[in-house]
Amino acid sequence: MSENLSPLPPVGERRLRSGWFFGGLAVGLAALGFLGRRAGQTDYHPGFVRLSTPITPEANYYPTVDELCAVARSKCRPDQVLVVVGGNSVLEGVWQPAAEVWTRALQADLGPAYGVVNLAFRGSCPTDGGAVVSEVLRKEYPRQVYIANDSPATAVDSIGSDAYRFLFWQAYFSGRLVHVPMRERRVRDYLLFPSRRSEAAEILIRETADRALRFHDLWNRVGYGHFFTVPSLYGSAFPQMLTPRCEFPDLEPDATDPSQVAFRYPESSEAMELKIIRNLSGLAYGRAPDGRWEMLPGRRADLIRTFAEAFPDPLKGRTLILISRSSPHYRAMLTADESARDDQAFKDSVALWREAGCHSIEYGRDFGEDDFGDRTHLSKLGGRKLADLVANEVRAIAAQRGYLK
Amino acid sequence: MIFTTYWFLAFAPLAIVVFRILPGKGAKLGWLALACAVFHYHFAGPAGVVPIIVLMIVTYFAGLSRHRGLCVAAMLVCVAALCFYKYAFFLIGAAVAPISAALSGRLEEGAKSIMPGAPPLGISFFAFEFIHYLFEVRRGQEPIRNPFKFLLFAIFFPSLVAGPIKRCAQFLPSLEQASRGGAMGADFAEGLARVGMGFFKKVMIADPLTSYVDEAQPHFAQEHLFTRWVILAAIAFRILMDFSGYSDIAIGCARMLGIRLPENFNWPYGARNLQEFWRRWHISLTSWLRDYVYIPLGGNRHGVARRVFNGFAAFALCGLWHGPAWHYVLWGVYHGAGLGVCATYRKIPMAGILIGRIFDKEPYLGWLVTLVFTWIGWLIFFYPVSEAMQMARQAFGL
């Protein structure tokens, strides 16, 4: 600009002004960091049941590791065995109302010696959020069982799935995970992949800054309890989007409610659901020379490798992986040959998880149509059956590991 | 949006604070050049940086030569680069496909094989700034001899991605003043406030409006007439807040360095006629088009018909500059036509004079007509032409 220069104030005065500004900035950031740290240490989800959609990334709410750890602490005293439920929407309890979700039945089955916390996210894999929280709390709760579910013949990523990897990065960059060389290699491969240059920089800077300033914890505290500022499918337009997330109820419908029947097995999606079921084993299996169904060698190698890398060795023995059967409504439509292939896939998946050092069972084979809310999710009736099955396994793991006298 | 990345939030304070505390002009300029290069490389990647370096070298030496022919040749190189990277597929589809589908297919394949995945970051801004520089040098302005200063003019990080489009006659004295330590605390404070305002506009207003528009627009036809206009208003304010927020952050960051960038917006929806609107909306682009397209074509010097044609051409280019698609061109032509009417209607005997008097007497009427005209224009800008036309009809209950 061709404007005339204004006379500069004396150097001393300029330094003083700068000093005040940067001093104030530092004090302000330190104060915010302190508040964030406090927020992360507090459980501000009274009556927490599960991660219902308004407090998940689906609704632009990104829970932090500290926030979930605080929830776990409020659900489990140090003298109890902590049971962390991870996995996907099936274990989250889709089609089961909050008051009757299967993890409540699990808690009732297990009794006061155990504290159950449901940290399953929709569409997540066994190594996502719940697994991260469980690993972070390994020293605080040495007596612990981690439960997750998955489909048969499905590989897992040791650093979690795309949608929930933010939790892994939080725990990883704050140095709260077990050092596992194979996982370290996966982290390096992921971050150094050429097309992820910008994403890697974002992750590194975000996590480094958050470790110091704890802004995620602070904003979640504000967003949950006071006002939310980011538009999402919940209250997208102003001023509804400002509604704090604590005001959104858990509205999960009850599959056994007669008004919901029409939505459970709609004819319009039958072909698509059957295709999904068929592909679960269909894409992973081929015929052996003797005519039996056999897992494709590439897929088997993938599963062996990823299951072995999924959890740190010391934590595998207290990990239970559930392999979820589909509803008999659709299974009845499979041919005998397809059913045989399916059976083989479930059997192999359980065996491979066990070979990797985890506990594993399949469930749902003997469940009826009413035990399911749809193809894969359980109704509250099926949830109770699952709770019984899982409680037995949890007690067995606890006994095996000497958690309870 | 680059300004809302963590990388930028970490980079900008470092770049600005170090620039301000470094002693000596050379150190300041060197640091700023380094920071700008790092910024450009980080966001553009090697494939995006190389074409810009080539254009920079061509422009720098053509300017340095002060040879009129070389300057014109370099301008043509810039235009060709812009056409190639941004408009190749559009031009092939528009000009070649109607004649020969086979040739069009071959050309597209050829272009794909040599083109990076996306056009180099900010290619439109680079091209316009370089053309401006070469045009001015050709007209007798002193070229930039210091390569550091030229580099800074080319890749000055606050304005690199989405402007404002700089003019070297404004930018260089401001850079000189800032590098001599002339950046004041008041600059820093005003810049910081401007950056805060930009983020507020983008994050608190534009993003929620985007979310609302995305949700509401598909049901436009089913909505009540009043709601349709609410959606139109949301579309109009979304683009204003998004773009002016971006400009505020760019201007604010530059100001924190002690460097002044041209303003880009000045309450455009308060304009009382279309000419005024374009003096308030994306000012740096409009003034560029005026100086380097409209006036060189003859401006308003050769009668009404030529004036209207020149406006038409400038605004068709303005539309095309926003993206390689016909609806952008149509949006430009729509505004070109509107400006043509706005500039000439008073010359129509009786009716024109009468309408002019009404507008003079009731300025709010002119404001309302302008507002409706520009808001309907945004439908053409954002949506496929047939959908935009349908929405425009529905907005009037037709």
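Trp281(B) is buried, with a relative accessible area of 2%; buried means under 20% relative accessible area, exposed over 50%, partly exposed in between, with a 1.4 Å probe and protein chains only. Phe277(B) counts as buried at 1%. The ring centres of Phe277(B) and Trp281(B) are 5.6 Å apart and the planes are at 15 degrees, so the pair is stacked. Rings of Phe, Tyr and Trp (its six-membered ring) pair if their centres lie within 6.5 Å; planes under 30 degrees apart count as stacked, over 60 as edge-to-face and the rest as tilted.

This is a predicted model: local features need pLDDT of at least 70, side-chain atom pairs count only at pLDDT 80 or more, and totals for chains, interfaces and linings use all residues. Residues are numbered from 1 along each chain as its sequence is written, chains are lettered from A and ligands numbered from 1 in the order in which they are written, and side-chain values use heavy atoms, leaving out hydrogens and water.

## Aromatic pairs

Over all chains the count is 72 aromatic pairs. With centres 6.4 Å apart and planes at 65 degrees, Tyr61(A) and Tyr224(A) are edge-to-face. Both Tyr61(A) and Tyr224(A) are buried.

## Charges over rings

A charge sits over a ring if NZ of Lys or CZ of Arg is within 6 Å of the ring centre and within 35 degrees of the ring normal. The charged end of Arg245(A) sits 3.8 Å from the ring centre of Phe228(A), over the ring. Arg325(A) lies over the face of Phe346(A), 4.0 Å from the ring centre.
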